[in-house]
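Please keep the coordinates open as you read.

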Amino acid sequence: MAFFHDHILSILLVIPLVGMVPLFFISGENKQAVRWWGNIVLFLDFLASLPLVFWFSSESPNQQFKFIELHQWIPSIGAQYHLGIDGISFLMIMLTTVLGFIAVLSSWNAIHDRVKEYYAMFLLLQVGMLGVFMSLDVFLFYVFWEVMLVPMYFIIGVWGGPRKLYAAIKFFLYTLAGSVLMLLGILTLYLNYTLPNGGHTFDLIELMKHTDSWPLEMQIWVFAAFAIGFAIKVPMFPFHTWLPDAHVEAPTAGSVILAGVLLKMGTYGFLRFSLPLLPQASTNPKVVKVMVYLSLIAIIYGALVSLMQKDMKKLIAYSSVSHLGFCTLGIFALNPHGLQGSVIQQINHGISTGALFLIVGLIYERRHTREIKELGGLSNVMPVYAALFMIVMLSSIGLPLLNGFIGEFTILQGAYEASWHWAAVAVVGIVLGAAYMLWLYQRTMFGPCENPKNQILKDLNFREVMTLVPLVLWAFWIGLYPKPFFNVLDKPVTAIVEQLNPNFFKAPQTKKEAPGIPGGAQAGLRATSKAGGAGR
Amino acid sequence: MGNALFSSLDYQAIKPEILLTMFGMAVLLFDFLLDKSDKFLNAVLVLIGLGFALLQLGIFWFRYFRFGPPAYVGFDGTYAFDSFAVVAMVIIVLATALAVLLSVKYLEIEDANVGEYYALLLFAAVGMMFMVSGVDLIVLFIALEVMALCEYVLTGFLRGNRRSNEAAVKFFLLGAFSSGLLLYGMSLLYGIGGSTKLAVIAERLRDRPSGDPLSWIALITLLAGMYFKIAAVPFHQWTPDAYEGAPTSITAFISVAPKVASFAFFIRIAFMGLWPLRMEWQALTIGVAIATMTLGNLAAITQDNIKRFFGYSTIAHVGYLLLGLVAAADGEGDGLRAVVIYLIVYAFMNLGAFAVVIMMRRKDIIGDELDDFGGLMSRAPGYAILMLIFLLSLAGIPPTAGFIGKYFIFLSLIETSHYYLAVLGVAYAVVALYYYFRIVVVMFMKKPSEESPLATGLGMRVALGVTLVMTLFIGIYPQPVISIAREAVRPFFS
């Protein structure tokens, strides 16, 4: 047990990797065996991640990163096998193991050809995703970040819709273009910090301690390189154009993982690398302005485009642009509320949008169309489906008692503390969000069920219900009792804010206590950046 | 031992070359004794010879670089047997051995399974080994010609094939022209230096005023000749034609081993002889590198013939290698180390990819069109996955060896503040992914065009195994390769 406890992160990585091996020996004809095996492996991975829930809060409470594993990897360039998690990565990992399992479970009946490769790709994808969230070494992080592109390319390109080839290569090229620029940024940081023995290091914790010595100009260039890499992944406006294509063409499980986990890598990258490694660039008022304005544009633009969509999947894809806009807005509010809200909202988005893609996938398996006008009145023939859809839809809108509300409210709180203008614009996005989701629900579920093809549809079976139930339960948990999540996030968020501005929590309390006065909050931000400047 | 000019140690130092020459001649004799069905024994003999040479090099590596003096300069200061030479020789010998393994089945199918082929491969290897160890213009030039002549003959080896003949003639004419240029530059350098030794030339060049026209002309003609040999733009035109027409096993060979040798040749001349003019050749090389990356990457996108495709992809890789040289010209060993790592990595991944291409040549199927790869995943999943790994490596995606190669190039560029070159380099890496994935799309997402089995054999499987293991091993644990490369560049930056 001690071994398991000390190496839990590696074990989570190794389970899917080793799980790929037997797949090579199962005959491709024996589809049922392949399906069982793929599901079992990812379920095991999920089970193995569960102990983290119980161990996490009691584990080494004074350290920022827990469950650390540190081994030399390429000593001559200072790259290490360095794993460790804080509250943010902990939540991301749980999201990944849950969604990873649910995604393969949902594809039991959806995938009929090349089943073996399909499950192998999902297992490889799981390794890459978990690795990204665990790495504390920037080189290792980059390797995982790239590894994950290949399986996703194949998932879209082989099992996707009619324009799959275009969508798959577009996804790959966009992400790669961003990540190679990020690599240059990483190398710049790497070369700008020399260890006492004359070498260099990719160790994130080590690099974070020496951010003061980096000049602002360099930080801004590196920030730009990182930001392009992460913004493409998020995706932020105007780098979002790959997203609708990839989502529409991907098979259901691919969309679930893409929306649920892959997009979070972008926001996670901002939280884990951009902000702590480049505090002066991240607090630079101009940089903040650019990032926030792009987020606000994404919120409004994504929502408006969603209103116009005729295809359910495309609608949800654009709604992701809007929702992720909230997440980046929260990050660049640069205060504890904004950051906490952002992480919670990322989890929420994983839950709600993951579930929405499952719901679209369920109807697509039955009707082989996603056109909204082809559907209608489905609540009459598929009551269970309609009920689950309702809950998920409401959680996506941000109805109180469900998870979306908690995230959006906290982000708005954080944005308001920074500038009330930002919050005012973002609120419009929430209203629009309610409009497009409710309208979608109304058009597909309510009204008479006139189309004869729809009248004969079967309601969900047990397996299908089980893919949605965990997500619905999680949505209620966050909505009703979010305190454990905030507790987990408290420490990492404090650490980020202190890294950005060591005086944040020591600053005159008057400014913090008066978030209701619009000008006061802005003055607070200005004071923040000034204090950051003085610290240089 | 009597002779005052050369000592017995000199002959010790060229033992691997002597061995290979003897084995090459032995193959020519041995060939007559073999029945047509036993011709594969030629390959076995050649492999034994290469094995001995490799063993010898290994012994040298341990003896000289663990205990003894770091380098041995012999033959009256014309031949440097240093760590750089040994590392380059090892790559060349390994690449030659892999090319031999790839050839056996292919030659049977082409009905060209004769001893000269293997003998020429060995003689080419000997030429290359002198190219990487010569520090004298005459030694370098003769070595280059030995390699080049063998290459021309091997390119036209399929005598009955029109394309092969055409390629050989083109290759020969352009190659001869470039050799002329090179020789002209060398003669000017001799005029400046009064000696053919690179070290003396460097000293004389240092004394000359900057912007001296004679030095410039010597530099430019010499560089033009060398760009020719490494297939850098605008001297690249022979590459796609020669690659397309040559027997595929020879395409694999000339895309790797002579590339390594030519870069070593370039490095010897540029970093030893022309070091005082490094600012000048750096400026020229920056322009050439940009042009090479641009043309190689963009032209590769539209190729439908797989051998031409690899011709342009090789040009693109040459562009990256030149970037490493640019960084190294700033006096940082990291750039040169990057070049050595890249060459090692490139040798394995490119030979691996070519191994799969060679298997496409079966009875009645030429198999060098992109469409011939159609549905490879459903026909031969194992080979499709191998090809995928090699292509990912060529595109520079971790955790494959290709990423490590590109990583060090970019690192050295940023270290020497060539930011715009680094940005350009990574931008073209994205383009490269696109065209390499054209093959992936055909292999994995298209229907098979025909079903006949691939031409494999024991040699092919061994070659694939070696290249695969090296591609993955270097990608996942590059430490040994990095250490070797650091040793290799020590003679230049000590």
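1. **Helix H6 of chain A.** Start in the interior. Ten of the ten residues of H6(A) are buried, so this helix is largely enclosed by the rest of the structure. The run includes A:Phe139, A:Phe141, A:Phe144 and A:Trp145. A:Glu146 is buried in H6(A) as well. The cover over these residues includes E2, helix H5 (115-134) and helix H7 (149-159) of chain A. It also includes helix H8 (164-191) and helix H9 (204-208) of chain A.

2. Mean pLDDT for chain A is 85, and 94% of its residues reach 70 or more. Among the elements of chain A, H6 (residues 138-147) has the highest mean pLDDT, at 92. The lowest mean, 39, belongs to helix H25 (residues 518-534) of chain A. Over residues 510-536 of chain A, pLDDT stays under 50. The model has 34 contacts beyond four places in sequence for that stretch. Where pLDDT is low, the predicted coordinates should not be read in detail.

3. **Overall build of chain A.** Of the 536 residues, 58% count as buried. Take the contacts in chain A between residues at least 6 apart in sequence: 79% of them join residues at least 24 apart.

4. **The two strands of chain A.** Strand E1 (residues 66-74) and E2 of chain A run antiparallel, joined by six bridges. They form a hairpin, with four residues between them. In the turn, A:Gly78 has a positive phi of about 75°. Across the pair, A:His71 stands opposite A:Tyr81 in E2(A). Is E2(A) largely enclosed or exposed? Six of the seven residues of strand E2 (residues 79-85) of chain A are buried, so this strand is largely enclosed by the rest of the structure. E2 is also part of what covers the buried residues of H6(A).

5. **A kinked helix.** Look at helix H23 (residues 483-500) of chain A. It has 18 residues and reaches 25 Å from its first C-alpha to its last, close to the expected 26 Å. Where is the kink in H23(A)? It lies at A:Asp490, shortly before the proline A:Pro492, and comes to about 40°. A:Pro492 is one of the buried residues of H23(A). Others on that list include A:Phe485, A:Leu489, A:Val493 and A:Leu500. Their cover includes helix H4 (87-106), helix H12 (252-277) and helix H13 (279-283) of chain A. Helix H16 (336-367) and helix H22 (462-480) of chain A are included too.

6. **Two cis peptide bonds.** Most residues other than glycine have a negative phi, and most peptide bonds are trans. Check these exceptions. A cis bond joins A:Val234 and A:Pro235, with omega about -10°. The bond from A:Phe237 to A:Pro238 is cis too, with omega near 0°. A:Pro235 sits in the loop between helix H10 (216-233) and helix H11 (242-249) of chain A. A:Pro238 is likewise in the loop between H10 and H11 of chain A.

7. **Positive phi in chain B.** B:Asp76 is not a glycine, yet its phi is positive, about 60°. This residue is in the loop between strand E1 (72-74) and strand E2 (79-81) of chain B. B:Asp76 is exposed, with 11 other C-beta atoms within 10 Å. B:Ser417 also has a positive phi, near 60°. It lies in the loop between H17 and H18 of chain B. B:Ser417 is exposed, with 12 other C-beta atoms within 10 Å.

8. **Where the chains meet.** In the contact between the chains, 23 residues of chain B touch 24 residues of chain A. Helix H17 (401-415), helix H18 (419-445) and helix H20 (479-488) of chain B each supply at least two residues of the side that touches chain A. Which helix gives the most to that side of chain B? H18(B) does, with eleven residues.

Methods
Residues numbered from 1 in each chain as written. Chains lettered and ligands numbered in written order. Predicted model: local features only at pLDDT ≥ 70, side-chain atom pairs only at ≥ 80, totals over all residues. pLDDT = per-residue confidence, 0-100. Contact = placed C-beta atoms within 7 Å. Buried ≥ 20, exposed ≤ 12 C-beta atoms within 10 Å, placed from the backbone. Pairing = 2+ DSSP bridges. Expected span 1.5 Å × (residues − 1). Bend = angle between axes of the 7 residues up to and from the residue.
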